[in-house]
Structures are given as C-alpha cells and as structure tokens.
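Okay, thanks everyone, I'll keep this short. Have a look at the structure on the screen, and I'll walk you through a few places in it.

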Amino acid sequence: MINWWQGKTLREKVFIFLLAGSCLMAGIMYGIVTPLNNGIARLSAENIRLADEITWLNNAAHRKGIVPANPTTATMEQLLANTARQSGIQYKSQKTDPQTLSISLAPLPANTLFVWLQALQHSGLQVTQLDFSAHPSGKNSVKVITLKLRQVKPHG
C-alpha cells in the first residue's frame, strides 16, 4: 500500500484526497443528515397533528358541556359554596393542595348527589376522585367516602 501511494504523482494524490473527501461528505450527508432531517420533519408533522387534535378535543368538550366554555374567575371554594347552596347540600371542605379540594358530606339521596355533581361539572369543578357506598339509614341513600375536586382551567 505504501509503495502504491508513493508511486502516485502529486496531482493524483490531490485527486485521491478530493475523491475520498467527496465520498466521506456524501456518506455523512446521506447516512446521517438526511435521515435526521426526515425524522425532524416527521416529528414536526406529528406535533402539528397532535396540536390540532387537542384543539378539536377542547372544542368538543366545550360543545358537549363537559368543560365550561366561559370559565369563571371565582375560586374553587366560591364555586363549591354556590352549587352546594343551590342544591341544598351541607358539606365540609379542606384544601389538600393548591388545585384540589377534599369534600366531606353527610349521607344524602343518590339522585341529589348526582345532580349536584353535574352542577359542579357545569360550574367548572371537575371530580377527580369519588368513592361512595349505600347507607343503611334510608332507601336510595349514599354515604360519600371520598370526594375530591379540582378547578378546570381555560386552555389557550
């Protein structure tokens, strides 16, 4: 190999270096840069598709009334107090963290509980945890074991 290289003229050596450099550049371009660019373009298109899907889901949730379309500036405690007063429900609440309220209720009729939960949802409070059981004190009466709420924040 050394004899072969030494047998080349300066002009041939420069040409071989240029040819090897060109092959190396083509290999890097088509072996590394092009696949990376294609991957970036694919992920960018996926991000755009997911952003459109999130927008569609938010709009669908607003149309169906799952999330209020016009979020209020009232605090969680104010929303809870208003809906409980309208439904005639007595409760005790404790803030477990800045976004979550833990609620304690006396036994109440199941239909009253579910109507109240729907009113909470429409007011912008979302139930994050609900555990209840039948209460022996009356027909169709339930005892709420765990009820946790969080406020739905507007997107945008």
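Let's start with Thr100. Leaving out its neighbours within four places in sequence, Thr100 is in contact with Met76, Gln94, Lys95, Lys148 and Leu149. Before I go on: this is a predicted model, so please keep that in mind throughout. Thr100 sits in strand E2, which runs over residues 100–105. Is Thr100 buried or exposed? It's buried, because its relative accessible area is 15% and the cut-off for buried is under 20%.

Now over to E5, which covers residues 141–151 and is where you'll find Thr146. Thr146 is another buried threonine, because its relative accessible area of 17% falls under the 20% limit. Its contacts, not counting residues up to four places away in sequence, are Gln129, Leu130 and Asp131.

Okay, on to the helix H2, residues 10–64. How many residues does H2 have? It has 55, and from first C-alpha to last it reaches 79 Å, which is close to the 81 Å expected at 1.5 Å a residue. There is a bend in H2, though, of about 35° at Met29. If you're looking for buried positions in H2, Gly39, Ala60 and Ala61 are buried.

Last stop, the loop between helix H1 (2–6) and H2, where Lys8 is placed. Lys8 counts as partly exposed, because its relative accessible area is 24%, and that lies between the 20% and 50% cut-offs. Once residues up to four places away in sequence are set aside, Lys8 touches Lys13 and Ile16.

That's my tour, so over to you for questions.

Terms used: Residues are numbered from 1 along each chain as its sequence is written. This is a predicted model: local features need pLDDT of at least 70, side-chain atom pairs count only at pLDDT 80 or more; totals for chains, interfaces and linings use all residues. Side-chain values use heavy atoms; hydrogens and water are left out. Helices (H or I, at least four residues) and strands (E, at least two) are DSSP runs, numbered from the N terminus. Buried means under 20% relative accessible area, exposed over 50%, partly exposed in between (1.4 Å probe, protein chains only). Contact means heavy atoms within 4.5 Å. The expected span of a helix is 1.5 Å times one less than its number of residues. The bend at a residue is the angle between axes fitted to the seven residues ending there and the seven starting there.
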